[in-house]
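Dear colleague,

I am passing on a structure that I would like you to look through, with the sequence alongside. Please open it first, and then read my notes next to it.

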Amino acid sequence: MHPVRKQRLQWILLILVATSIGIGLVVYTLRQNANYFYTPSQIASGVAPLGVALRAGGMVTKGSLHRIADSLEVSFDVSDGAARLRVHFTGILPDLFAEGQAAVVTGKLDDQSIMRATQVLAKHDENYMPPEVADAMLEAYKRPDERARVDEEPYYEP
Amino acid sequence: MSNRLVLFAPLLVFTVFAPVLWLALERDPQELPSAREGQLFPDFSLSQLVDASKTLQAEDLRGEVTLVNVWATWCYACTLEHPMLNELATEGIKIVGLNYKDDRAAAIQWLERRGDPYAFTIFDEHGSLGLDLGVYGAPETYLLDAKGMVQYRRVGVLDERVWRDDFASRYTELVLAEENG
Amino acid sequence: MSPEFGHVALIVGLCLAVIQSAVPMCGTYFGAPRWMHMGRSLALGHAVFVMLAFISLTAAFLTDDFSVRYVAQHSNSLLPTQYKVSAVWSAHEGSLLLWSLVLALWSAAVAVFSKTLPLVFVARVLSVLGMIAVGFGLFILLTSNPFERTLPFPPMDGSDLNPLLQDIGLILHPPFLYMGYVGLSVPFAFAIAALLGQQFDSAWARWCRPWINIAWVFLTVGITLGSWWAYYELGWGGWWFWDPVENASLMPWLTATALVHSVAATEKRGVFRSWTLLLAIFAFSLSLLGTFLVRSGVLTSVHAFASDPERGEFILLFLCLVIGSSFLLFALRGPAIRSRTGFSGVSRETLLLVNNLILITSTAMILLGTLYPLIADALDWGKISVGPPYFNFFFVPLSLLLLASLGVSVSSRWRHTDPSGLRQKIKLPLIASILLGVLLPVPMASWYDNSGYAPSAAVTLIFTFWVLGASLHDALIKTASGNLMKLPASYWGMLCAHCGIAICALGVGLSTIYGVQRDIRMDLGDSIILAGYRFEFRDIRQFNQPNYVATQAEFAVYVGGVLERTLSPEKRHYHAGGEVMTEAGIDAGLTRDLYVSLGEPLGSSSWSVRVQVKPFVRCIWLGGLLVALGGILATADKRYRRRRSPKQLFTGSSGRASYEK
């Protein structure tokens, strides 16, 4: 082979190998760090893995917010209309957090299927509902049989 | 030759990429199709907001093409769409309010302050009708034909654009169908 | 000036842009100089009309004309005057108008400051800019008209501006960012003109450089301001969130940074020609992509404008048209590009290549991370969000690599650098930085009540001192020979920008590693000790303002029993929209920030409170500003102001494209 050609081929091979390693690493890290979103119904049905960082969301159930005295620990429920998820969180809740509003939490599920949240996000805007929550509620809505099991508690209120 | 192909690489990558963006656009996360569309408005028996002695039923919604607007005093977005509803009412469109999980006195006061576009308002204190309807939250607006059938439903603020794009033609069609027989 | 006038002005502006995009371009094909000359006056005319439209919208805000829907939605008669002005660009429609205005001003600037460039080239550039202006003009008029009225029932008063946006940060941040974003359209237009005219020489690179630098400076300042605004205004002390919208601004910046460097190599050595062209196209494409992501609402973000698929479709179409056609043009005309001269393995060219590789890899990895949720959703892999760990995992090592190569590059020369000489030059700064970097964390561990020696701090310090040391060392060597004044401004610019990057990295590293944060419940009179500071919760009171009620706390900060500072964080409840705002109490300092924010009341006199001590956090923005200053210095170099007669250009080698058709 012509030496120039050979050199060029080597370069191309090197670039190819480097790019594929790079892409592999990116895909791997993306998968490691991608937080999947689960609905409270999915978590109730046991689809979601325990002890893995994930996100969940729904409407904060009215009357479910409790504070533990002398600390910043709170617990509350989020619901997608079909099931409820209990969330424990220690820290400062965002300004926009309120019962009856949508919230998205990030954290891990413990063995009692309680969400140990590390982050709570809330946003209520003119007509904003986090897209995931809207989808989750839609999903729950599509299954009328599960809907029948919703406890009396309303899930979207002041 | 291979050099020329390399020059096409950016174009190729982009052509692979663009459809993904398109697909993402297609999936509008805010869109919520209604389970009630094409079904009769559910039966109910609830009091009227202003006059608690009056009882309203599903029949009261029939006979005319009607908008049913779910609102509450705790709902900030409702204040945003209220001027639009007032405007629609002055144009002779029949709007029925569904006051959802609210306080009667506060709701009456709210209407006094902002104007009352509603032919009448159903007072759904415990959200029972809301549950039957499958209300996600306030505001929501339902378009009913003269037979009380839900023809269209919209979650979120009803502003001029929403009216123009999603309601106006449906409403006119229903009214025309009603007139023609 | 009525809104209808503004609307008409916008339409006239669009018509001028249509002519601007067609006539000069046709002129280049038919060899009609008169047609080509029209480009300049059309660009100026377009700018005047868009300016009139912008002024009339501003006037509508200042006169509280709530019959204009956009004004009614984003202003209020009680709003202070300066916020009435900034409210113009606080939401989608107005910010697009600002975008158009900025584009028009850039085109006008090109028209005015391009007198020395060949006519054909300028005609092409202005035509391309005209096409972009047509795209955005149509976008505004068809999907987001800010002049729409709500007659016959105008509201009595507006619904107020989001209190988050009632701030000096919002007055400044978007205009700067847009100047940067849109400024990238100029190098883009230059690149397209170069491809059309098949002119890729050093002269092209020289014409392009000042424009790239200025756009890049604006982008740098815009991003720095945005980060600073988020830090003090969002109230929780974060300065970068890897939010899709932030990424949308960082990607063009990284690409533009690569472009700034590669165009230098193209100008000086005639290398990387096709790469430079491609980067110019990339940079503008990414800024368009950013617009798409922000405006279409496909991504969940705290910044996202109200989503509207119709708008998304329009931008996507425009995006495909612009990017697709320029890549096609590049593929077709590319074979004509020949890069001159080789260079050895140890040379400034090689280091610039490394720099470009790192920057582009960073961009690609941010792009993937930002779009991955979109891809996953489109392919039904589930709803995913990519968190900061992903971005940090790649960005931190890549940045360190960049810093490492940065230190060497200052001392390197074009074409070939003597390896042993280079080794000699970098030996001192290398040893000094390693020594300082390894030793400094020892006392630091005790200054900030951080347990033990922090190796990550050592790494940060080594790399920062390495860049600073190598830069200063090089400057000393160069000035020691007595020709301080002879060193060009661009050299000082480079030095300044590189030190800025290092200082920014120092701020990022030390504030992350040694920053302490505590969320606690505090009763009136309680104290907490953090990093040697004692924060005492002394008082809480309420007071009324015209548009909000504030609950203000008072925290006294003591160091060793001596009162150092009083901080007054607030919680504000706005009347108009019912929003709640957290106003942090911040004591800023070069070496540390004290940061207290109020959470929520937990009973009569106790509150949840976040207390933070953030060492060197100011360096992040100081570094950003130094980088921008460096860009300004480099642009101010005498080289670009050298006047050359147009005649010389027509006859010289660079005029090759002038009348070839």
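Predicted model: local features only at pLDDT ≥ 70, side-chain atom pairs only at ≥ 80, totals over all residues.

Residues are numbered from 1 along each chain as its sequence is written, and chains are lettered from A and ligands numbered from 1 in the order in which they are written.

I begin with chains A and C, where 26 residues of chain C are in contact with 21 residues of chain A (contact means that the C-beta atoms, placed from the backbone, lie within 7 Å). On the chain C side, the largest share, five residues, comes from helix H13, which spans 348–378; helices (H or I, at least four residues) and strands (E, at least two) are DSSP runs, numbered from the N terminus. That side divides into twelve nonpolar, nine polar and five charged residues, where Ala, Val, Leu, Ile, Met, Phe, Trp, Tyr, Cys and Pro count as nonpolar, Asp, Glu, Lys and Arg as charged, and the others, Gly among them, as polar. Strand S1 of chain A (residues 34–38) also runs antiparallel to S1(C), joined by three bridges, and A:Tyr36 has C:Ile384 as its bridge partner.

Turning to the cores, the largest nonpolar core has 217 residues (a core is a set of buried Ala, Val, Leu, Ile, Met, Phe, Trp, Tyr and Cys residues joined through C-beta atoms within 7 Å). A residue is buried if 20 or more other C-beta atoms lie within 10 Å of its own, exposed if 12 or fewer, and partly exposed in between. Helix H9 of chain C (residues 202–233) gives the largest share of this core, 17 residues. A second, separate core of 32 residues includes B:Phe41 and B:Trp71.

In helix H11 of chain C (residues 273–296), 24 of the 24 residues are buried, so H11(C) is largely enclosed by the rest of the structure.

Finally, in chain A, six of the eight residues of strand S6 (residues 102–109) are buried, so S6(A) too is largely enclosed by the rest of the structure.

With best wishes

Notes:
Contact = placed C-beta atoms within 7 Å. Pairing = 2+ DSSP bridges. Expected span 1.5 Å × (residues − 1).
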